[in-house]
Amino acid sequence: MLAAIGVSSIEELFARQIPEAVRLRRALALPEGMPEQDVYAHLRELAQRNVSCEAELSFLGAGMYDHYVPALIDMLMERSEFLTPYTPYQPEISQGGLQVMFEYQTAISELTALPVANASVYEGPSAAAAAAYLAKLHNGRSRLVVSAGMHPHTIETLRTHAHGYGMEVVEVPLVAGRTDLEAWTEAIDEDTSAALFAQPNFYGAVEDAPALAAAAKASKAGAPRARAHARAGSPSSNGSAAPSTNPGAPVVVCQVDPLTLGILRPPGECGVDVAVGEGQPLGNRLDFGGPSFGMFAAREEYLRRMPGRIAGETVDVDGRRGFVLTLQTREQHIRREKATSNICTAQALNALGGVVYLAWLGRRGIVELGELLLARTHYARESLTAIDGIEALHSQPAIREFAVRLDGDVAAVKARCARAGVNPGVDIQALTGREEDRGGLLVALTEQRTRRDIDRLAEALGAAVAAEREAVAV
Amino acid sequence: MSGAQPETPLQRQRARTIFQKGAPGRRAFTCPALDVPAADPEELLPAQLRRREPPRLPEVSEPEIVRHYVSISKRNFDLDSGFYPLGSCTMKHNPRLHERAAALPGHARLHPLQDPARAQGALELMWRLQEALGEIAGLPHVSLQPSAGSHGELAGVLLTRAYHESRGESRTKVLTPDTAHGTNPATVTMAGLQVVKLATDEHGGIDLDDLRAKADGEVACLMLTNPNTLGVFDPNIEEIAAVVHGAGATLYYDGANLNAVMGFSRPGDMGFDIVHFNLHKSFTQPHGGGGPGSGPIAVSERIAPFLPVPLVVRREDGVFALEHDRPASIGRLRGFHGNYGCFVRAYAYICSLGADGLKDASENAVLNANYLLARLREAGVAEHLPLAYGELCMHEFVLSGGPMKRELKLKTLDLAKRLLDLGFHPPTVYFPLLVEEALMVEPTETETRETLDDFARAIAEILREAAQEGPEIAQNAPYSTPVRRLDEVAAAKRPVIRQAL
């Protein structure tokens, strides 16, 4: 091969191209390579030092949930044809992946009752940040009004990104577990670009989504002069579309838990403009937090400002139905600094898991699963709050997750439960840092947690709280 | 060859979505029985918050789902089946060990909010990966959090802003060469800064005079890929770093092309302050048809205080922890800790190869690219498809299809489409933008010499076919794929982006 190239050594290939001063003249300080079986043993040993949802009775949630992932999803996601291609730049040989995107978009559109969905973004919180950027491109305003009921990671992610594109984040507090409607209405002014809330919210409470959306649409931002703030020539491809309802209203963004949408009124029927969400509950593994996928759906008027890939239907030269990546003039590889987003690689394989899961659940299954979670959550809530030293943090409707307050240090109580093989949930204050969340525990259910498991949780948590109270009293 | 040819079995199989299959009442999922007392549904969830009609999801059985998705999977070309020399994408073999290791329940079913004390294996893995990436980059401080390359870029530009703001400076411009990936300028805009383009010199590197003229006190950063998207390692990199640092700006390394230099040269040693990695390129995370990816960043000492939170640290007692308390941090870029499943695979790869193996990988990537380039020249291809810049290349090279278009009436697009009939994934086409009819070829280290020979022959064959039998054959290609050329204009004009129900 060297002779064909016309060099005498591989070293010559590098020496002729890389200046000597920036060459690394020592070996990388990394361990030596290992044969496959040794690498497997090492990774297995690391895995064994993690307590997974298989190794304890887990009620952890707060954004990611231990749902059952059907075996057929593993099989399909590991198929070479889905696992190993790049983004479908050559549609003639990528019809499988493009059709999956098209089906996925259809499923997300159905689930959210919004007409357009993209082929996925990274994950939940950054999807909310992408929605905020869409709002910025849409109306050029600088303020994001955010319900304190959004996931703390979402709020932090919004702040990080908003600092980049020059927006401020204003937080609206909760009252009785839900977004304070009065404060929400008050906070939305003529500079408000987007108003964002979560459904159900971080504390498990089902928000009055129609009321929040309606209040945002009818807010002060609706005043006609607000349009003057819209920046002319904002970087968009085809953007003249003004909101169809109230021209001054902010973009209403709802972060949804997709698995609740079998029974919960969908964002599209609540007056929401953009729905985003963490896709993990739909057939994706926990994977210690990723990879999963972010959902992104919107009203038609936002189509040309959507981030990410979008698959569209067309025909080939012989008239056969086919699919392509479409509306690419939004995208970074065409539009460069004027793109609607910088996203390139998204989460196609995880979105495949999502659409296969939704087909597996099916039209009836997603409703049945929602009802089951609703009933078991009610049962778990009643069981736990009947225990001395445990009270409800709020009494709003809850579908699959609810918040309680423990009389005792949450970390200490959790440590006691761990000895009984139970992980009772997420320490709320550890995530939010809010003083009013002291003692808060977020308990999540999936269809994998039966009544017997809930009874075991009540027993373990009750004993742990009692023991902790006793220990403190002594 | 024409449309009059008989249809292949795959072509005959017209596309029908999962929503067009099944029948009412059909299903795969069995819901667990209600094992708790039934309650009043209205009390649990009031009607005005309830969904009235179920979402119109498919109604299909498990065998139907499996057959549907396995069938459409066969309408994809994939790396396991054939050569995929897609420039800038590093389509190297994806070892199956990585899938097996990532699927272990201790990794796959680990909840991200598990107490750190009960996730020590995962945190150790992340810490070890941080250490390894830091060593490879020559920049010791690493955050694994960004979700993909473009997300890493955004982190990098936000870090640059934070760095300058901490010094009381407000710098608004970011320099990017005209050869840069589209994600670079798009990122700059999202981070609230302005793009200033740099010209390319006749050798394919940055035009130093242009750089000197533009590197003023308003410049926050220069974003550079090295080797760049022309496959050229910038010979003036030391001078570039000196000019940029002299202007008080930072130097950002787009790690898309890291596969060329692992163990040979480190961005940190070249003078870069911030690097992003693409674990789905250099470190074999399978690309999944468009993700997942993972875009960790490594930074120098002066940038370290601003890294995203949380960071994985090893405490003095040897325990691994998530560090949140970093007051100067730019904050969080996403939920939880990043794409851990990708970390498992990338870490497995680094363990498998070790220091020598990583260097071998880059060595063979560069050898394969130069060998393929030589074979193309030997086969007479260079006459119509000359190398755009330089004599040798790093891990990829860019050919110009300009002469081919003029002499053979064959556009790069036609060549690419004809390659599909011959069983190859085409190279990246029409990028970088400054090369006429560009064809960007990256063979990677995991391809054999025989494959490279076959590919060179295929290109030569297409050119010969066009010269002898006319360009129409390639202009109407492909013929054998599940669908033929698709009407992309119509798709964008009247977008149909979901199945009508």
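Modeller: What follows looks at the domains of chain A and then at the side that faces chain B. This is a predicted model, in which local features need pLDDT of at least 70 and side-chain atom pairs count only at pLDDT 80 or more, while totals for chains, interfaces and linings use all residues. Residues are numbered from 1 along each chain as its sequence is written, and chains are lettered from A, with ligands numbered from 1, in the order in which they are written.

Chain A is divided into domain 1 (2-39), domain 2 (57-66 + 364-473) and domain 3 (73-357), with bounds that come from an automatic or database domain assignment. The C-alpha centres of domain 2 and domain 3 of chain A lie 30 Å apart, and 24 residues of domain 2 of chain A are in contact with 22 residues of domain 3 of chain A, where contact means that the C-beta atoms of two residues, placed from the backbone, lie within 7 Å. On the domain 2 side, H12, strand S14 (401-406) and helix H14 (428-432) of chain A each supply at least two residues, and H12 of chain A gives the most, with six. Helices (H or I, at least four residues) and strands (E, at least two) are DSSP runs, numbered from the N terminus.

Turning to the partner chain, 163 residues of chain A are in contact with 168 residues of chain B. Helix H12 (residues 348-385) of chain A gives the most to the side of chain A that touches chain B, with 22 residues.
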